[in-house]
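Hi there,

Here is the structure I promised to pass on to you. Have a look at it first, and then read on for what turned up.

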Amino acid sequence: MPRGVYPRKPGQKRNYTPEQRAVMRERMKKIRELNKGRGDTPAMTAAKSKNARKAMAIRSARALLKHMPAGAVPGTVFKCSSCRSFRVIDAAPQQNGGAWEQRFEQMGAVSVYGIRREFSGIVKIVWDYAPTMENIMENPRLIDEGKPSTE
């Protein structure tokens with residue numbers, strides 16, 4: 001690495017004449033007009049929101065399964081993160097209609113800007129296929145029992 005103090009060379013000044021500024025403004029006006037109808041439509045916003053909810057449900061389910069102890073029996077309590085813990089209700093996934101699900105009770109508390117929020121409730125992990133040790137992490141979804149599904 002070079003050592004020492006080197007003088008900085010000043011960059012070129014951006015001095016534009018009023019005519020050049022007018023040309024730039026006209027170009028920007030044309031670009032704004034061309035991009036005017038390219039914003040998010042309500043359908044695009046709804047699709048983005050649905051995809052984000054599904055991705056979060058999958059991420060949360062995988063985190064829960066990763067931290068759940070092997071061979072957990074009903075009543076086993078384990079921590080999934082620093083502020084969220086779960087109690088096992090169903091020892092193994094059970095088939096409910098066409099889907100497989102396993103229920104847990106979640107509890108936790110979060111402090112945001114000095115305001116403490118406590119939460120609890122029944123959640124379930126749902127699979128569209130029979131979960132085995134090989135495929136249990138492929139596409140699980142964590143869903144609150146009191147709220148409708150994201151799909």
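At its relative accessibility, does Phe104 count as buried or exposed? Phe104 counts as buried, at 0% relative accessibility. Please keep in mind that this is a predicted model.

**Aromatic rings**

A pair of aromatic rings is described by the distance of the centres and the angle of the planes. The count here comes to three aromatic pairs. In one of them, the ring centres of Phe78 and Phe104 are 6.4 Å apart and the planes stand at 85°, so this pair is edge-to-face. Phe78 sits in strand 1 (residues 77–81) and Phe104 in strand 4, so to speak two distant parts of the chain, 26 residues apart, linked by the pair. Phe78 counts as buried too, with 6% relative accessibility.

Phe104 also pairs with Phe86: their centres are 6.4 Å apart and their planes lie at 80°, so this pair is edge-to-face as well. Together, ring pairs join Phe78, Phe86 and Phe104 into a cluster.

**Salt bridges**

Side chains of opposite charge can pair when their charged atoms come close. How many salt bridges does a search of the whole structure find? The search finds six.

One of them joins Arg87 and Glu105, whose closest N and O atoms are 2.6 Å apart. Arg87 belongs to strand 2 (residues 84–88) and Glu105 to strand 4 (residues 99–112), so the pair ties together parts that are 18 residues apart in sequence. Arg87 is partly exposed, with a relative accessible area of 29%, and Glu105 is partly exposed at 23%.

Another salt bridge brings together Asp90 and Arg103, at 3.7 Å from N to O. Asp90 lies in the loop between strand 2 and strand 3 (94–96), while Arg103 is in strand 4, so parts 13 residues apart in sequence are tied together. Asp90 is buried, with a relative accessible area of 10%, whereas Arg103 is partly exposed at 27%. Asp90 and Arg103 also belong to a network of salt bridges with Glu145.

Finally, Arg141 and Asp128 meet in a salt bridge of 3.2 Å, N to O. Arg141 is in strand 6 (residues 141–144), and Asp128 is in the loop between strand 5 (115–127) and strand 6. Arg141 counts as buried at 5% relative accessibility, and Asp128 as partly exposed at 47%.

Enjoy exploring!

Technical notes
Residues numbered from 1 in each chain as written. Predicted model: local features only at pLDDT ≥ 70, side-chain atom pairs only at ≥ 80, totals over all residues. Heavy atoms only, no water. Salt bridge = Lys/Arg side-chain N within 4 Å of Asp/Glu carboxyl O. Helix = DSSP H or I, 4+ residues; strand = E, 2+ residues; numbered from the N terminus. Buried < 20%, exposed > 50% of the residue type's maximum accessible area, 1.4 Å probe, protein only. Phe/Tyr/Trp six-rings, centres within 6.5 Å; stacked < 30°, edge-to-face > 60°.
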